[in-house]
Amino acid sequence: MSDLLRLPLHELHVGLGGKMVPFAGYEMPVQYPSGVMKEHLHTRAAAGLFDVSHMGQVILRPKTDMAGLALALERLMPVDVLGLAQGRQRYGIFTDDTGGILDDLMFANRGSHFFLVVNAARKAHDFAHLEQHLADVATIEVQRERALLAVQGPLAETALSRLEPGVAAMKFMDSAIFLTEFGEIWVSRSGYTGEDGFEISVHPGGALELARALLAMEEVLPIGLGARDSLRLEAGLCLYGHDIDATTSPVEAGLAWAIQKARRAGGARAGGFPGAARILRELDDGPERQRVGLRPAGRAPMREDTALFATDGTPLGTVTSGGFGPSVGEPVAMGYVPASHAAIGSALEGEVRGKRLPVTVAAMPFYPTHYKR
Amino acid sequence: MKFTKEHEWLRVEGDLVVVGITEHAAEALGDVVFVELPEPETMVAAGSEVCVIESVKAASDILAPVEGEIVAVNGKLSDNPGLVNEDPMGEAWFFKLKVDDLGVLDDFMDEDEYKDMIG
């Protein structure tokens, strides 16, 4: 794995017995000795620590004013950036001229600048994209050194507030900076599991001590990529490059909730983002196809690329993510089907090893989310 | 007991060969969540895919180690796939194969040879 990059906490993962696999150009722990199932269930019951330092972190510092930078960001995303209050974070989507998704991200208004977290596999693209479109209005400060840890689960607050009591007052999608014994930590109350929790950007000098302090608590277990994937799948959350990409629009992907009123037809700053014609049309008329939740009737998981059919044999689309949901106790999946077959309860078939098996369109999330609103 | 390169164990029971997967294989697979068993009373060729095991990570096949007739399958695995992780070398057998000549098992590894292979 010589071409792969290593996480700042690589030695910690190896010491914990993490099984390291290549992912998005990094050696990442896919699981620890307790295994994917236990790690998943532990996160839902107590708290899990995830190392997501492979993700891209970048500060956009305005050259003149925040409002001007917000408007420039709005030219890249169908999202209300100007209306985001200081100390708050929001989900964003970079779109292209055809309305496809270039990446999804989190961005926070931190008063004097925006802080963005983007997907690992899209870092190089996104940084170039920002440079190309925002160089006139912002300095783009890529945070190559900082680690990113996530503490997720119902006891995440209990655990992290022992180290920084200030986090307990945060609400879902709040973003704050704390000066701690681990250095300055940048905390948001968010995550990728459907559980309450925090994402913590920390300088590598403090990351190891922070991770060790959390792992020393009986609530906290280290969690690998395997459980991260099953947790986000149960929560109905998209994985870039699988459930969303340049061939899917935000509306098709069921991400219309991320497009605030201000950017829709009749809104204060309607349109003016890449692919606006298609995206606004789909908001009005509905998309031709939609990402839907899928519940296979049997116990056989329907994994990514499983072909989907109507009961009369008409090909409909494919599964984009699927597997066994440890908290649901059954297989769960998501995929794209024409709007005609996207209603909850629609009976479809998925082809698993040459056999057409029944699967039903179902509501997402598959497992209730527990955000602290 | 004999072992295959595909990490299956083979145990002779009367004139039948009982087939399961090794502890090493079960650990590598991770938590098993689904087992698709073959139909009993079917003839299978050596090397043909007979069972599918799905773990939280991926799907893998179990191959018929030798030619024969499937005479019994372990229905417990359909209801409790996790048995594969709990007791891979015992309770979690997959199928029983009737073969013409048990001598075909001589070609497979014994325990020491298998241990050498997995290091």
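Me: What is the bridge partner of Thr95(A) in strand 7 of chain A?
Reply: In this predicted model, Thr95(A) is bridged to Ile101(A).

Me: How do you know that strand 6 and strand 7 of chain A pair?
Reply: Two strands pair if there are at least two bridges between them. Strand 6 (residues 88-95) and strand 7 (residues 101-109) of chain A have eight bridges, so they pair, and they do so in the antiparallel sense. Five residues sit between the strands of this hairpin, and Gly99(A) there takes a positive phi near 90°.

Me: What makes strand 6 of chain A mostly covered?
Reply: Six of its eight residues are buried.

Me: Why is Arg299(A) called partly exposed?
Reply: A residue is buried with 20 or more C-beta neighbours within 10 Å and exposed with 12 or fewer. Arg299(A) has 17, so it falls in between and counts as partly exposed.

Me: Where is Arg299(A), and which residues does it touch?
Reply: Arg299(A) lies in the loop between strand 15 (289-296) and strand 16 (307-310) of chain A. Leaving aside residues up to four places away in sequence, it touches Glu330(A), Pro331(A) and Phe34(B). The C-alpha atoms of Arg299(A) and Pro331(A) are 6.2 Å apart, although 32 residues separate the two along the chain.

Me: How many residues of chain B are in contact with chain A, and which strand supplies the largest share?
Reply: Nine residues of chain B contact twelve residues of chain A. Strand 4 of chain B gives the largest share of its side, three residues. By class, that side of chain B has four nonpolar, one polar and four charged residues.

Key
Residues are numbered from 1 along each chain as its sequence is written. Chains are lettered from A and ligands numbered from 1 in the order in which they are written. This is a predicted model: local features need pLDDT of at least 70, side-chain atom pairs count only at pLDDT 80 or more; totals for chains, interfaces and linings use all residues. Helices (H or I, at least four residues) and strands (E, at least two) are DSSP runs, numbered from the N terminus. Two residues are in contact if their C-beta atoms, placed from the backbone, lie within 7 Å. Ala, Val, Leu, Ile, Met, Phe, Trp, Tyr, Cys and Pro count as nonpolar, Asp, Glu, Lys and Arg as charged, and the others, Gly among them, as polar.
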